[in-house]
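Please have the model open beside the text.

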Amino acid sequence: RIFVLGIGFFTLCFLMTSLGGQFSAKRLGDSPFTIRTEVMGALESRGVLRRMSDMLEMLMKRMDILARLENSTDFHKGDEARFPLDRFQPAAGLMERIQAIAQNVSDIAIKVDQILRNSLLNGKGMEGRRDQCEVPRDPKYPDCAGKVEWMRARWTSDPCYAFFGVDGTECSFLIYLSEVEWFCPPLPWRNHTVAVPSPPPPPRAQAAFRRDLARLLELIGTGKESLSFMKKRIRHLAQQWLRAARRLEQRLVGQQRDQKHILVHIGFLTEESGDVFSPRVLKGGPLGEMVQWADILAALFMLGHSLRVTVSLKELQSHLGVPPGRGNCPLTSPLPFDLIYTDYHGLQQMKQHMGLSFKKYRCRVRVIDTFGTEPAYNHEEYATLRGYRTNWGYWNLQPSQFMTMFPHTPDNSFMGFVSEELNQTEKQLIKANKVSSMAVVYGKEASIWKGKEKFLAILNKYMEIHGTVYYETQRPPEVPAFVKNHGLLPQHEFQQLLRKAKLFIGFGFPYEGPAPLEAIANGCVFLQARFNPPHSSLNHEFFRGKPTSREASVSSQHPYAEDFIGKPHVWTVDYNNSEEFEAAIKTIMRTQVGLRAVLGKYKNYKCNNTKQHCQSQTMPCPPVCQGWHSPIPWGLSPPAQGLHWAPDAQGSPWEPVERWDCTWSITSGYMCRHKDGLCDPTFFRFLNKEEVFLQLSIACDSTEYEMNHLYPAVAENVRECYLQKEPLLFSCAGHHAKYRRLCPCRDFRQGQVALCRDCL
């Protein structure tokens with residue numbers, strides 16, 4: 001009896017799942033090329049129904065045989081007869097129910113036959129069309145045939161094609177390639193709705209400065225030491241962020257700002273990229289990248305934008321709308337974000353999972369790139385042909401989409417970070433507690449101290465040396481006994497140590513971190529080593545493989561501090577010269593140095609940093625992807641050695657809220673830094689003209705357009721002039737003895753090179 005009940009229950013379950021799945025949840029309308037798959041499934045169900053009906057009929061026959069056998073035995077004699085009679089009383093009712101189920105199954109099988117016949121008749125016209133699909137020969141779609149050929153051979157290589165309805169037929173290929181991708185023309189027999197003018201989009205929400213960072217801390221999440229570090233930094237600087245937001249709000253009173261939807265994907269913290277940073281946060285590992293990411297998150301949030309923060313590939317795929325599969329298909333819907341801030345790891349992950357959508361939306365990406373990407377490494381074809389290709393370059397982005405920790409090359413955008421701002425009371429307290437004979441060494445890992453005994457001994461003659469080297473149980477042998485090692489300190493305790501010290505000394509590594517600027521902001525003098533020759537990708541392993549040559553630019557551990565801050569706050573000396581090193585220490589001890597505010601970010605910038613190109617629109621892509629800015633009239637007057645922007649020239653193509661009123665100059669033969677200026681690649685397009693050579697009185701026997709990151713330039717010995725053929729290769733970086741380059745220069749604010757001198 002239990003067995004028979006089980007069979008009946010199984011039958012009902014099968015009917016509900018199989019028939020319900022085939023008819024109630026049928027998705028014939030979802031995809032016009034899934035008919036064959038659905039019909040075949042229904043045909044199989046009809047066969048199963050028939051077999052199930054036969055099985056139930058067989059069970060009834062066997063139950064009837066058992067009943068007859070029971071009636072022929074001696075068990076119904078005497079008192080024992082009651083047992084078999086009681087047992088078969090309910091069995092008779094059960095047989096009736098099984099018989100009824102079998103009849104229902106038979107009826108359903110008949111109905112399945114009728115439905116399938118109607119479906120097949122209705123689908124015959126479609127099947128005919130499916131069999132008749134041919135690859136169109138349309139000159140407007142030259143890649144169509146090749147793409148269809150690829151689909152024939154490879155459509156099963158990624159489940160995403162089946163997700164979009166590809167089933168191996170020619171028509172499914174053409175429908176996919178014309179409606180999901182755009183390599184083939186639309187099929188004429190497809191149902192194409194008449195284009196109706198879409199209503200104007202609703203007004204965008206306005207961004208309002210925020211007054212509380214609690215929601216941001218929730219968005220960042222938990223589970224990684226790196227995230228905990230970033231949240232601690234945000235909490236530590238919370239009051240500074242609030243004060244800065246209030247000041248900026250007062251300056252922008254009455255101005256409307258659209259709220260942007262921004263995805264922040266920190267790729268180097270994902271498990272798929274290895275996340276080598278999080279395990280080292282508590283062991284003296286590098287924190288510069290996390291300092292910058294924390295400040296970016298805080299800035300975007302305080303400006304009132306809508307944020308999503310991800311540190312996992314799964315979350316990234318979910319937010320982007322990535323279809324199931326291996327990443328060869330486009331996104332399932334339009335990108336819901338105006339901007340995406342990520343890094344090189346995140347950029348690679350996006351390319352792997354967005355298919356053709358990556359090329360479509362890459363102009364919305366901003367890449368946080370610590371050391372920068374020069375145009376020669378960014379242009380894929382040029383990098384491959386000229387030997388500039390590395391593991392990190394060749395993205396064909398606008399160079400200004402790469403955002404750096406420090407202004408290595410003006411080709412990239414200077415994002416920076418935030419240094420702590422002290423009030424008057426704190427400044428007076430620091431001055432009162434400064435110890436003129438106290439030095440703190442820049443270096444948390446013991447390996448940095450190796451081989452530095454000679455100049456540490458000289459420093460020890462004049463100053464008490466403090467270190468913050470990580471160790472677990474035993475003192476690192478690389479740290480001399482006369483050094484007072486505090487171990488790895490939390491950020492606020494490290495700040496207190498800097499506020500006491502007179503000197504912050506670097507050993508040549510790490511390069512270009514935020515700590516020296518934090519030390520200067522807390523009243524320290526930064527002493528660093530001069531590199532001779534300068535470090536670059538040509539002679540130093542650290543820079544080799546990075547998408548930047550940094551030729552002749554890494555002249556010290558911190559070139560930005562050396563070039564843009566300088567003495568008395570920054571001293572750069574030859575550590576191999578003991579006399580020069582010792583003399584610098586003596587001078588530093590005698591010199592009274594005030595506290596210096598160091599601007600590392602687009603601070604006080606009238607154009608918020610999500611509008612990094614200032615005139616860009618967010619939907620569709622900003623003009624940075626569409627040919628830069630509209631032309632403006634020439635207003636150049638030639639002096640003896642160069643050209644200057646005329647005072648009455650019309651506007652600037654890179655304009656914050658109001659027009660810039662800067663002096664722009666174009667020099668030939670010298671890099672702008674030698675003229676106390678800064679190269680600005682935005683203006684290369686005005687130089688890339690033959691008439692500029694005439695205005696500069698340069699005689700050209702020939703003028704050619706070529707792809708070269710050094711052009712526009714002049715080869716004076718042969719009187720050949722060269723203009724740039726590829727706008728992506730306009731570059732402030734690079735030099736060659738053969739050429740005199742034409743470089744557009746502007747002035748800049750001391751300590752804040754992102755702005756011209758009179759922009760505020």
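How many disulfides does the count come to? The count comes to five disulfides, where a disulfide is a pair of cysteine sulfur atoms within 2.5 Å. Before we look at some of them, a word on the ground rules: this is a predicted model, in which local features need pLDDT of at least 70 and side-chain atom pairs count only at pLDDT 80 or more, while totals for chains, interfaces and linings use all residues. Residues are numbered from 1 along each chain as its sequence is written, and side-chain values use heavy atoms, with hydrogens and water left out.

One of the disulfides joins Cys 133 to Cys 171, with an S to S distance of 1.6 Å. The link is right-handed, with 100° about the S-S bond. Cys 133 sits in the loop between helix H3 (82-132) and helix H4 (144-154), and Cys 171 in helix H6 (residues 170-180), so this pair ties together parts that are 38 residues apart in sequence. Here helices (H or I, at least four residues) and strands (E, at least two) are DSSP runs, numbered from the N terminus. Both Cys 133 and Cys 171 are buried; buried means under 20% relative accessible area, exposed over 50%, and partly exposed in between (1.4 Å probe, protein chains only).

Cys 144 and Cys 184 form another disulfide, with their sulfur atoms 2.0 Å apart. It is right-handed because the torsion about the S-S bond is about 100°. This pair links distant parts of the chain, 40 residues apart: Cys 144 is in helix H4, and Cys 184 in the loop between H6 and helix H7 (214-220). Cys 144 is buried at 0% relative accessibility, and Cys 184 is buried at 1%.

Further along, a disulfide joins Cys 700 to Cys 721, S to S 1.7 Å. Its torsion is about -70°, so this disulfide is left-handed. Cys 700 is partly exposed, at 26% relative accessible area, whereas Cys 721 is buried at 0%. By contrast, Cys 743 is in no disulfide, and the nearest cysteine sulfur, that of Cys 679, is 5.1 Å away.

Now for the strands. S3 (residues 339-342) pairs in the parallel sense over three bridges with strand S1 (residues 261-265), and likewise with strand S4 (residues 365-368); two strands pair if DSSP finds at least two bridges between them. Tyr 341 stands opposite Val 264 and also opposite Arg 366 in S4. In a regular strand the side chains alternate between the two faces of the sheet. In S3, Leu 339 and Tyr 341 point one way and Ile 340 and Thr 342 the other, and all are buried.
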